[in-house]
Amino acid sequence: MQKPQTIIIGAGAAGLVAALELERAGHAPLLLEADDRIGGRLKTDEVEGFLLDRGFQVLLTEYPEVKRYLDASALGLKNFRPGGHVHTRQMHFRFADPLREPAQIIRSTLSPVGTLKDKLKLARLGLNLRAKSNEDCFKGYTDKPTMDYIWSLGFSEQIVERFFRPFFGGIFLEQELQTPAAMFRYIFKMFGSGAAALPVGGIESVAKQLAGQLKQTDIRCNTRVAEVTAGKVRLEDGTELAAPGGIIIACPPDKVFPRLAGEPVQWKSTSNLYFYSNRRLKENRLINLVSDPTSLINTFAVLDEVAPTYKLKGQGGSLISVTLREAVTRQSQIGQAEQDLLRHSRLPNDSLTFLKHYEVKQALPNLNPVTFSYAATHSHVGDRIFLAGDHQLNGSLDAAMRSGRLAAEGVCSL
Ligand SMILES: Cc1cc2nc3c(=O)[nH]c(=O)nc-3n(C[C@H](O)[C@H](O)[C@H](O)COP(=O)(O)OP(=O)(O)OC[C@H]3O[C@@H](n4cnc5c(N)ncnc54)[C@H](O)[C@@H]3O)c2cc1C
């Protein structure tokens, strides 16, 4: 027997997973997406022969929801190497993770990323967190700032400035590391247990793979929802759609659900620049961390060293993704960022061509506290209306997918 119509609003990772779970329970949901294509924040553009993700984004292979819903081999995941390449004003050096690459123990011991004590503490922290469950990484740390936590562990200023601030500043999209320590602990565990990877087809292929698993879902793009009320969705053009089976709001709810209009989601932004270098920059598949307060750059990565398919025509040279410290970039700063990149990469002058600037205003939700998970009915706001999206749990792809699953389980439980 046909189940009553359910509607999902937003075809990002959360909405797509919600659709998948509803299908598995025998529903044939309607998925409404305001944009001209699915994916939400998982978007990749083809620009001048390159794949450009909208903002530097990696897939952490250890995320439980990634393992649950994605076929890693079909995505053709290409891994970054563990460790990093640090650029200070005076020095450029690599550091390795000896727990992941035992052969690199000497490089790791000698690296000036921190003191010997720091390295021992780092190894101990990695081992401790790996032994904990994901929930336990969060417990007791859901609202304490990461920076306070790092200081409380006794790390030196050297390793804070050369590793923690640029690395986690790039992940949290804020330099002060005020994001709850639960996220630090969880992400540290994920990086330590699995890989940070790029899909060969760009980050959008994650969304495409989720959508490709949908068989009974009617996906309608270019369809913006204006308002959600009990059992009903009103589109921007005035059309009303009935949803007696339930509604999952998998987009920021304050814009469509009047009862939450006074509680807007707070966002963190990021600014991402792409450059093409006509010289190959061999960076050994490492993320580059900039520890230089005079530089506009926080991190950069040579994407084609990790995933050569980001250069669509197999051309020579390198594709470099640069994430800036500040989220807002004035046009005049692009030239300055190029100069900074030349300095850090030690590429010759005139080797870089600027390709594109992405300013992502709503990149990650600014949440405090954060949570790993909750009961499936937790996001029920009444009248068979459920909320999903990373803003419901914590700012990660893993959380977005989990929230979609839980919202769908909630609908099915009523
Ligand atoms: C630059 C950047 C870097 C990131 N790096 C990482 C990373 O390294 N690791 C990690 O785990 N996570 C990372 N993330 C976060 C991750 O991408 C997100 O957590 C995840 O994609 C969010 O999915 P979502 O479905 O919750 O939201 P979204 O992807 O934002 O989906 C919401 C969808 O709802 C649609 N929508 C909005 N309003 C309406 C409306 N009124 N009607 C219909 N549709 C509507 C939107 O168009 C959108 O498609 C990064 C994000 C960015 C932007």
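**Note on the ligand site and a parallel sheet**

1. A polar side-chain atom of Glu 33 is placed 2.6 Å from an oxygen atom of the ligand. The model is a predicted one, and the distances in this note are computed from it. Glu 33 is also among the residues that come nearest to the ligand, together with Arg 41, Gln 57, Tyr 63 and Asp 390, out of 33 residues around it.

2. Backbone atoms contribute as well. A polar backbone atom of Val 225 lies 3.0 Å from a nitrogen atom of the ligand, and a polar backbone atom of Leu 397 lies 2.9 Å from an oxygen atom of the ligand. On its own the ligand has 1,000 Å² of accessible area, of which the protein covers 89%.

3. Helix 1 (13–24), strand 19 (352–365) and helix 13 (397–413) are the elements that give two or more residues to the shell around the ligand. Strand 19 gives the most, with 3 residues. By class, the shell comprises 18 nonpolar, 10 polar and 5 charged residues. Domain 1 (6–42 + 203–263 + 379–413) and domain 2 (44–78 + 197–202 + 267–365) each supply at least three residues to the shell.

4. An open sheet is formed by 5 strands in the order 10-2-1-14-20, with parallel pairing. Strand 10 (218–220) and strand 20 (385–387) each have a single partner strand, so one side of each edge strand lacks a neighbour in the sheet. From one strand to the next, the twist averages 15°.

5. Strand 2 (residues 30–32) runs parallel to strand 10 and is joined to it by 3 bridges. Within this pair, Leu 32 stands opposite Arg 220 of strand 10.

Key:
Residues are numbered from 1 along each chain as its sequence is written. This is a predicted model: local features need pLDDT of at least 70, side-chain atom pairs count only at pLDDT 80 or more; totals for chains, interfaces and linings use all residues. Side-chain values use heavy atoms; hydrogens and water are left out. A residue is near a molecule or strand if one of its heavy atoms lies within 4 Å of it. A polar contact is a pair of N or O atoms within 3.5 Å; within protein, one must be able to donate a hydrogen and the other to accept it, and residues adjacent in sequence count only if both atoms are side-chain atoms. Accessible areas come from the Shrake-Rupley method with a 1.4 Å probe; for residues, only the protein chains shown count as cover. Helices (H or I, at least four residues) and strands (E, at least two) are DSSP runs, numbered from the N terminus. Ala, Val, Leu, Ile, Met, Phe, Trp, Tyr, Cys and Pro count as nonpolar, Asp, Glu, Lys and Arg as charged, and the others, Gly among them, as polar. Domain bounds come from an automatic or database domain assignment. Two strands pair if DSSP finds at least two bridges between them. Axes are lines fitted to C-alpha atoms, for helices over the stretch in contact, and angles run from 0 to 180 degrees between N-to-C directions.
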